[in-house]
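Open the model in your viewer and keep the selection tool ready. We will go from stop to stop.

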Amino acid sequence: MSGNRVVSLGRPAVAKIYASRWRQHTETGALRLVRPQRVAPRLLAAGTLRGRPVSLMTRVGGGPGDGGASVREAVDLLHRVHRVPVADRPAGRISAPGTSPSWPAYLESRILAYRDVFAQRGLREPATACATVSDLLNRLPDRPSALLHNDPNPSNFVGRGPRLRLVDWELAVAGDPLLDLVRLCWEWQVPADAWLELTGRDYDHPHVRAYRAVHGLSRLMAAVCAPSTGRSALGERCARELSVLGHLPRLYVLPPPTTTRTDRTARGGAPSPTRSRGDHLSSHTSHPLQYLLRHTVPGAVLEDEPVPTRKGLSNEGWRLATDHGTFMVKLNDAPGAAQEHFARAADASRLLRERGLAVPQVFAYGSTDTLEWPTADAEPRAYLVQEWLDGQDAEDYLRTASKPQADQLFHRLGALVGAVHDIPFACGIEPAHAADVGALYRAKLATLLERNRACGILPEDELALVGDLVTRMHALRETSTSARMTHHDLHLPNVLVRPDASVALIDLDFMRPGDPVEDFVKLELWAFGEPAHRSSFLAGYREGHTGPCPPDAELRLHTYQILNALSYVDFFSLRDPKEADEWTKTLRQLCDGARERISVTRDGGRA
């Protein structure tokens, strides 16, 4: 299960701890789709535990493969799976919809990933075989017609008869059901003369031959990435199959594995070949990030080893020096949610650059499973490629800046933020309903309350009081607000001071329409260390922003400070309990202040 762990919680349920978030997203999505068919465990809950993705599901009677299910029973169960409607879904993984324009294109992306794994390991013949198999894919159905389990080996069938169930749905895809049946026949070692009855196609039908080759390459890749103890038998069988199909030379023998370390890689994958630091990259052009550049910045070639940047809370960053310039690459292990954030960053970059505002240009974003991505397990990651901007983040800059330099920084930052807030939502990246700021933040409050109920730090009665206070604070507003473009993560590490002392905004992943006052929350928390900083910022802001300052700005700021504190209680609940306690105290102090504001207003004063 690729580094996953399953923990039995007694008879009713099991908890599955995943090595990668995309595996959780795929399995939970598939389990929701198949629930009416009763072909799989029932999903009870999904979330995180100490930062690791976890799903809770019903326990299926019996152990993997111990029910003695027949091939016929297994095929009948797959047919029930294939009746799940997916006609409205794009081809490919359930966790990453829309990343492949067609079913053959999705399969080709997998074949290209296998090819690069083989090429990295010096396996020339299997790498060449990938090209010949790719030529067969245009004969296959263009659109997906069914949900596929995609790993129907005997160990994933548990129970027997009416209680037979399929487990381990983390590789599920929308595609052609024939591939599922071919995988099953291959894994269960069904004789060739029985394939027609079980799959509806002859063993040598062109589609069956293509899928036999696809499955053979995927299993051969698993063999070459496995430790030597599990490599030989599987590799030999795959090599024989691909030789019979004409994709590998006759009598091809898989070479022995490269000597490896005994330790596992940091991501929990297969052991890596032992290398000295000097030969870490035999050629910069063979580095995995070069494959990303090939598709996103055509012609660009790495001139030096990629340099990791300071890692954020969610993304992994790299600085890439190429013959076409220098780029910043962000990678994230949660391709579904991260792609949405990177899409926001791309659209926000375009909007702001069209208005002459200083932000990095975004060149591309997407998921690595559509690229030639040479990783041992070929797990998809979300990526974003953008312009590299030289400079120093404002937090570091201020440590040595003089007072005039600090005043200049905040004045220029205020002017830039004011200009961003001048952009109306209609120019943004959200649907029309995003114009209703009240609806946006009622939805945000509901989400935060639900998350805090799940983390269990604040009792239900206190959460109800917080929700009531925020609702009453919102009702006290004196003016309505039309949504404007907001950064939503505006603090000094996301402000870049360029060599000429100009400023730029970076990390646009959360940019979206909203109330501009919310952008002041983190500035008030961490940026305005002195009154002069706030004064300089506001002077610049009035120059960049053409609209008037709302008379109830302080009231709105207080409301968003409560929401911000509520979000941090949830965020730190599993990451840092002490920090969660501090934010709980802050939340209670802010709520006390809110009660005073409401009381003053009720007694005829001004909030």
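**A tour of charged side chains**

Select E125: at 26% relative accessibility, E125 is partly exposed (buried means under 20% relative accessible area, exposed over 50%, partly exposed in between, with a 1.4 Å probe and protein chains only). This is a predicted model, where local features need pLDDT of at least 70, side-chain atom pairs count only at pLDDT 80 or more, and totals for chains, interfaces and linings use all residues. Residues are numbered from 1 along each chain as its sequence is written, and side-chain values use heavy atoms, leaving out hydrogens and water.

R124 is exposed, at 58%.

Next, select K16 and E170. Their side chains form a salt bridge of 2.9 Å, N to O. K16 sits in strand 2 (residues 13-17), and E170 in the loop between strand 8 (165-166) and strand 9 (173-175), 154 residues apart. Helices (H or I, at least four residues) and strands (E, at least two) are DSSP runs, numbered from the N terminus.

Are K16 and E170 buried or exposed? K16 is buried, at 2%. E170 is buried too, at 4%.

R23 is buried, with 4% relative accessible area. Show E27 and D168 as well: K16, R23, E27, D168 and E170 are linked in a network of salt bridges.

Finish with E524 and R534. The closest N and O atoms of their salt bridge are 2.5 Å apart. E524 lies in helix 15 (residues 520-527) and R534 in helix 16 (residues 531-544), so the pair ties together parts 10 residues apart in sequence.

Terms used. A salt bridge is a side-chain nitrogen of Lys or Arg within 4 Å of a carboxyl oxygen of Asp or Glu.
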